[in-house]
Amino acid sequence: MTEYRSDLLRLLDERGYIHQVTDASALDALASKRVVPGYIGFDATAPSLHIGSMVQIMMLRRLQQAGHKPIVLMGGGTTKVGDPSGKDESRKLLDDAAIGANIASIRRVFERFLTFGDGPTDAVMVNNADWLDALEYIPFLRDIGRHFTINRMLAFDSVKLRLDREQPLTFLEFNYMILQAYDFLELSRRSACRLQMGGSDQWGNIVNGIELSRRVDGTEVFGLTTPLITNADGSKMGKTAAGAVWLNDDALPAYDYWQYWRNVDDRDVGRFLRLFTDLPLDEIARLESLEGAEINQAKIVLANEATALCRGREAADLAAETARKTFEEGASGEALPMFAASGSIGIVDALIGLGFCASKGEARRLIAGGGARVDGEKVADEAFTIAIGANPVRVSAGKKNHGLLTPA
């Protein structure tokens, strides 16, 4: 590890957040002397962020923990354009009302992780529609567009990917990188923001903003990216057979969120404890040294702490107790995923309704492989029908996924 003087870079380094920094020594010196406002941008394309955004949310939390000011930039303006990074095709464009509703919903999660207010280190949430919507096209092209060359823009991976695959890239999306760079310039002017953070795929966009601020205003600003966070097996974090792991409690039950963390690969436990919890490093070192069956205790701690941050301690405790009852006692816990049905339901439809399988084919394969159970009894016939009475019926997919069928 690099020896940093500032609490900010030392904290980020110790917990594994740093991949690239534009000028580490200058940023370290600045963070040692004064409060540094720093921002990360988030899309407003859905009512909830998913777990793939969690490392960025935690970065803003670390920024505040180290005595600096987090700026949550919601892309109310850029959501109307669409970020081509990592995309093979254009995404559906949303109107102002839908974007506004999404931002209001997403804010609820940030309020669990950050302290908002008017103080020097209090977090603020801003919307880039506040300045992007007011831009005049010709003056913007003249004053800002002249600092970007088509040659360089064509060299960006987000652009090359689409062109190489002969996928259409609209002129609207092509402008996204200019607008993101302009966001940094505006936040530097409006909020004295000196740091943009993001995932490693945002490095080029961040550097664009740094160069624009230097050329237009002569302001020194910095960029910092995190490593690409993948699971130990190389798969993308946050993707499950049942779909995305959403952060908002109205998009995913707390029990399912808890289970995601409980079921991580043994090799990921220590790294995820450092990234996604506030546990002290010496306690994390103890937990990740556990071997054999004891590593399950470390996973439970990870699930408890990660869920407490996102959903509250009460929800985490309830999820842990539900899991204990379900796995240790075979009982039906209160926080299991539920699906309401009237009269009776086929096992295939039950597995899909509970979110355990994404298709009928996947459900049939699970049944054929002996992975489906109803109230603990294996179901071998895909035509099996479950009668729904007054009491919930427990349906299991494999050893770890359990849900309840309830009367409609």
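Throughout these legends, a residue is called buried under 20% relative accessible area, exposed over 50%, and partly exposed in between (1.4 Å probe, protein chains only). The model is predicted: local features need pLDDT of at least 70, side-chain atom pairs count only at pLDDT 80 or more, and totals for chains, interfaces and linings use all residues. Residues are numbered from 1 along each chain as its sequence is written, and side-chain values use heavy atoms, with hydrogens and water left out.

**Figure 1. Overall view of the protein.** The protein contains 18 helices and 15 strands; helices (H or I, at least four residues) and strands (E, at least two) are DSSP runs, numbered from the N terminus. Its radius of gyration is 24 Å, close to the 22 Å that the globule rule gives for 408 residues, so the protein is as compact as a globular protein of that length. This radius is taken over C-alpha atoms, and the globule rule is 2.2 Å times the number of residues to the power 0.38. The C-alpha trace spans about 70 × 50 × 40 Å along its principal axes. Of the 408 residues, 50% are buried.

Figure 2. Eight aromatic pairs are found in a search of the whole structure. Rings of Phe, Tyr and Trp (its six-membered ring) pair if their centres lie within 6.5 Å; planes under 30 degrees apart count as stacked, over 60 as edge-to-face and the rest as tilted. Trp261 and Phe276 form a tilted pair, 5.1 Å centre to centre with 50 degrees between the planes. Phe272 and Phe276 are four residues apart in helix H13, and about one helical turn separates them. Phe272 is buried at 0% relative accessibility, and Phe276 at 2%.

**Figure 3. Arginine side chains over aromatic rings****.** The charged end of Arg311 sits over the ring of Tyr257, 5.0 Å from its centre. Arg107 lies over the face of Phe116, at 4.5 Å from the ring centre. A charge sits over a ring if NZ of Lys or CZ of Arg is within 6 Å of the ring centre and within 35 degrees of the ring normal.

**Figure 4. An open sheet of five strands****.** The strand order is S9-S15-S14-S11-S12, with mixed pairing. Strand S9 (338-341) and strand S12 (377-378) are the edge strands, and each pairs on one side only. Two strands pair if DSSP finds at least two bridges between them. Strand S11 (residues 372-374) and strand S14 (residues 393-397) pair in the antiparallel sense over three bridges. Arg373 stands opposite Ser396 in S14.

**Figure 5. Two buried cysteines****.** Cys310 is buried, with a relative accessible area of 1%, and Cys357 is buried at 5%. The structure holds zero disulfides, a disulfide being a pair of cysteine sulfur atoms within 2.5 Å.

**Figure 6. The surroundings of Gly77****.** Gly77 is placed in the loop between strand S3 (69-74) and helix H4 (96-113). At 6% relative accessibility, Gly77 counts as buried. Not counting residues up to four places away in sequence, Gly77 touches Asn127, Asn128, Ala129 and Leu132; contact means heavy atoms within 4.5 Å. Gly77 and Asp43 are 34 residues apart in sequence and 9.4 Å apart in space, C-alpha to C-alpha.
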